[in-house]
Amino acid sequence: LNRLSNLNRATTRDPRIALLDRINEGGDASAAEYLRPLLSDVDPAVAKLAATIISAKSGAKVDAKTTEYAIIPVPSATTIAALQGATATVVMKGLGTINLELYADDAPLTVAKFAELADKGSFNGLTFHRIVSNFVIQGGSPGADEYDGITRDFMRDEVGIRSHLRGTLGVSTRGHDTGDGQIFINLVDNFRLDHQYTVFARVTSGMDIVDRVQEGDVMESVKIIRKK
């Protein structure tokens, strides 16, 4: 719990909530004392649960100090404008290159975050860890799991008129506005995902490579190509 909390990332919510639940089940008052730093946690959900546990174990009510997220600055207009008409390449180790068109008009904040992560090399060396036939392939987790992303803060959904057609890319979430940098590629037309998950790009070439991706296949690099 301390290791994950020290990362200062709201997107570690799920494993930390699970750990707090276990402490609540088996811990005593002395264990609850270790939770006091979490009252000021970056994630209000974690801070609230820590306060609840401390209050129950100690017999003295305490309140979370963090009650809402700090405002996350949005990308500048210049940053978003520079992504108009941008494309991306995903080089899969031993398989080839997947080329993408980015939907900067439809999902500007998502495209800007994807580009920021790609520019930093955050995807390089990560895998597609989830392969579901006739559904999606999903990747971008440092822990190769569903609960570990590469962003500090949750991403806001940008659901619009784009459909989750075969070859489109979406942002993986576990509830609205909980994107953590993990992405997925639709293997078929998944209309049931429409208006639930952000669509921010589509495959323009290399879909044959997408179809060959297996669990554990590595993204060697993700690069953004800006028109300007």
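View 1. Ile-224 touches Leu-83, Ala-86, Thr-87, Ala-88, Leu-102, Phe-114, Ala-115, Ala-118 and Asp-119, when residues up to four places away in sequence are not counted, a contact being heavy atoms within 4.5 Å. The model shown here is predicted, and local features need pLDDT of at least 70, side-chain atom pairs count only at pLDDT 80 or more, while totals for chains, interfaces and linings use all residues. Residues are numbered from 1 along each chain as its sequence is written, and side-chain values use heavy atoms, with hydrogens and water left out.

Together with Phe-114 and Phe-200, Ile-224 is listed among the residues with the most contacts inside the largest nonpolar core, which has 37 residues. Such a core is a set of buried Ala, Val, Leu, Ile, Met, Phe, Trp, Tyr and Cys residues joined through side-chain atoms within 4.5 Å; buried means under 20% relative accessible area, exposed means over 50%, and partly exposed lies in between, with a 1.4 Å probe and protein chains only. At least two residues of this core come from each of strand 1 (87–92), strand 2 (96–102), helix 6 (108–120), strand 5 (168–171), strand 6 (183–186), strand 7 (199–205), helix 7 (207–210) and strand 8 (219–225). Helices (H or I, at least four residues) and strands (E, at least two) are DSSP runs, numbered from the N terminus. Helix 6 gives the most to this core, with 6 residues. A second, separate core of 12 residues includes Ala-32, Leu-38, Val-46 and Ala-51. In soluble globular proteins, nonpolar side chains tend to be buried together.

View 2. Eight strands form an open sheet in the order 3-4-6-5-7-2-1-8, with antiparallel pairing, where two strands pair if DSSP finds at least two bridges between them. Strand 3 (128–132) and strand 8 are the edge strands, each pairing on one side only. On average, neighbouring strands of this sheet are turned by 25° against each other, direction ignored. Strand 1 and strand 8 run antiparallel and are joined by 6 bridges; Met-92 has Met-219, in strand 8, as its bridge partner. Helix 6 lies across strand 1, strand 2, strand 5, strand 6, strand 7 and strand 8, and runs at about 125° to strand 8. Axes are lines fitted to C-alpha atoms, for helices over the stretch in contact, and angles run from 0 to 180 degrees between N-to-C directions.

View 3. Tyr-69 and Phe-154 form an edge-to-face pair, 6.3 Å centre to centre and with 80° between the planes. This pair links distant parts of the chain, since Tyr-69 is in the loop between helix 4 (44–58) and helix 5 (77–81) and Phe-154 is in the loop between strand 4 (136–139) and strand 5, 85 residues apart. Tyr-69 is partly exposed, with a relative accessible area of 34%, whereas Phe-154 is buried, at 12%.

Phe-184 and Tyr-197 also form an edge-to-face pair, 6.0 Å centre to centre and with 85° between the planes. Phe-184 belongs to strand 6 and Tyr-197 to the loop between strand 6 and strand 7, 13 residues apart. Phe-184 counts as buried at 4% relative accessibility, and Tyr-197 counts as partly exposed at 26%. Phe-114, Phe-123 and Phe-200 form one aromatic cluster. The charged end of Arg-162 sits over the ring of Tyr-103, 3.7 Å from its centre; for this, NZ of Lys or CZ of Arg must be within 6 Å of the ring centre and within 35 degrees of the ring normal.

**View 4. Two loop residues with positive phi.** Asn-8, which is not a glycine, has a positive phi of about 60°. Asn-8 lies in the loop between helix 1 (2–5) and helix 2 (13–26), and counts as partly exposed at 38% relative accessibility. Asp-177, likewise a residue other than glycine, has a positive phi near 60°. Asp-177 is placed in the loop between strand 5 and strand 6, and is partly exposed, with a relative accessible area of 27%.

Methods
Rings of Phe, Tyr and Trp (its six-membered ring) pair if their centres lie within 6.5 Å; planes under 30 degrees apart count as stacked, over 60 as edge-to-face and the rest as tilted.
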